[in-house]
Amino acid sequence: MMTKEENDLLCRVEGDAPMGQLMRRHWTPVCLLEEVTEPDGTPVKARVFGEDLVVFRDSDGRVGVMDEYCPHRRASLVFGRNEEGGLRCLYHGWKMDVEGNVLEMVSEPASSGMAEKVKHKAYPVKEWGGMVWAYMGPADAVPEFVPPRWAPTEDARVSIAKVLLPCNWAQVLEGAIDSAHSSSLHSSDMVPARVDGAKATDSLWLRPSTDKAPRLQVQRGGYGFRYAAIRRPIQQAQTHDYVRSTVFVAPATALIPPNNLYNVANINVPMDDTNTAFYFIAWGHPAQTPETETWRKFLRQTVGVDLDAYYRPLRNIDNRFWQDRQAMKTGNFTGIAGFPNQDVAMWLTMGPIADRSHDRLGASDLAIVEFRKQMLDAVRAFQQGGEAIGTGANAIPDNVCAFQAVVPKTDDWRTFNVQYVWAGGQDQPELEPSYSVTA
């Protein structure tokens with residue numbers, strides 16, 4: 001059980017909040033690249049760590065991430081003119097480039113020299129893995145950008161579903177690293193089958209286990225931790241275990257056990273204390289990783305169908321997440337289409353910031369307990385002058401990744417030879433008739 005003070009320390013990220021300051025020591029996604037593809041295109045509004053930002057691509061193709069509000073009189077630059085190498089405020093015509101340099105002050109006498117005395121807040125930017133990243137920590141200590149584990153090379157296909165959620169980042173992250181819930185909440189989409197490991201079809205993810213109560217084991221690292229959810233497999237249950245190993249990469253990434261075709265991850269960016277940008281990612285070899293629109297359709301996260309134009313879900317508490325109670329009567333466990341939507345329903349019903357002081361945790365919550373303990377330890381160490389968790393020498397090693405496999409009981413998952421899924425041409429499995437399921 002956590003105290004209310006610990007809950008605030010874990011969850012709050014705005015202003016000088018210690019957790020937000022820790023997170024600022026990492027490169028952070030600000031928006032999708034697809035939102036700013038056009039030079040001199042429409043500026044995009046973003047919000048990260050309680051800070052309002054404007055993102056734009058200039059005439060030369062460079063991306064800028066700046067304070068949304070003009071340094072003159074604080075009018076929004078989201079509505080500004082993106083032209084000739086900079087973003088011009090509509091109010092008085094001040095113009096800034098991607099580095100925050102003031103190029104023009106048309107409302108001031110040219111002889112004043114005022115433009116040279118003003119610098120707008122702008123952040124270092126990197127384009128990678130389908131996202132615009134910014135470093136929002138100390139300007140005098142910008143670390144080298146290191147590709148995330150879910151976009152390790154330029155030739156990887158990375159397909160991303162983006163959803164803006166009205167709840168705190170930590171309850172989203174806890175959902176992502178919680179393996180036990182999938183056997184109940186997602187049981188109509190992640191279906192038991194006589195297969196030799198997790199498989200992907202066009203409409204379902206198949207699992208070689210009916211076990212709803214996994215045994216959990218954790219291995220902590222300087223980057224976060226990884227853990228195994230160990231279940232009884234359908235086949236060879238006397239001699240083998242079904243192991244699903246999830247990796248928590250501090251401060252807010254989960255590497256989720258893959259299927260046979262592609263890898264899965266998510267990253268959860270705090271917009272502020274009570275809003276989160278949730279990015280759900282499929283990645284791997286282009287031959288067998290779904291394209292972006294296919295991925296979003298599979299997840300029921302398509303803009304204009306499931307989300308509005310600003311990536312906000314159309315399903316919400318007021319319309320009961322479009323829950324189909326008749327489908328529940330005929331066998332669907334939740335009546336909510338798209339397994340991320342099932343998660344979202346649970347996260348939002350916890351409130352804007354879940355009150356963990358009332359939790360009653362059990363054996364299946366071992367990873368949740370570890371996350372809370374590790375991040376509270378990390379933020380306290382950071383307050384005392386230590387390095388932010390997962391940075392520098394404590395960055396995640398190259399040989400750590402999520403995996404799933406049916407393994408002999410004599411094998412230790414901690415020493416199991418793991419690698420991310422990267423092979424072409426694998427066929428989708430055929431189910432035995434007794435296990436056939438319609439979506």
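A cavity here is a set of points, on a 1 Å grid over the protein atoms alone, where a 1.4 Å probe fits but cannot get out, and lining residues have an atom within 4 Å of a point.

I noted the elements that give two or more residues to this lining: α3 (169-177), β15 (205-207), β18 (240-249), β20 (263-272), β21 (275-284) and α7 (339-349). Of these, α7 has the largest share, 4 residues. Helices (H or I, at least four residues) and strands (E, at least two) are DSSP runs, numbered from the N terminus.

The model is predicted, with pLDDT of at least 70 needed for local features and 80 or more for side-chain atom pairs, while totals for chains, interfaces and linings use all residues. Residues are numbered from 1 along each chain as its sequence is written, and side-chain values use heavy atoms, without hydrogens and water.

I then sorted the lining of the largest cavity by class and got 15 nonpolar, 8 polar and 5 charged residues (Ala, Val, Leu, Ile, Met, Phe, Trp, Tyr, Cys and Pro are nonpolar, Asp, Glu, Lys and Arg charged, the others, Gly among them, polar).

Next I checked volumes, the space filled by probe spheres set on grid points joined across faces, edges and corners. The whole structure has 3 cavities of 30 Å³ or more.

Last, I read the lining of the second largest cavity, which includes Arg149, Leu255, Ile256, Trp283 and Tyr420. Both β19 (253-256) and β20 supply at least two of its residues. I recorded 8 nonpolar, 1 polar and 1 charged there.

Notes
On a 1 Å grid over the protein atoms alone, a cavity is a set of points where a 1.4 Å probe fits but cannot get out, and a pocket is an open set with protein on both sides within 12 Å along at least five of seven lines; lining residues have an atom within 4 Å of a point.
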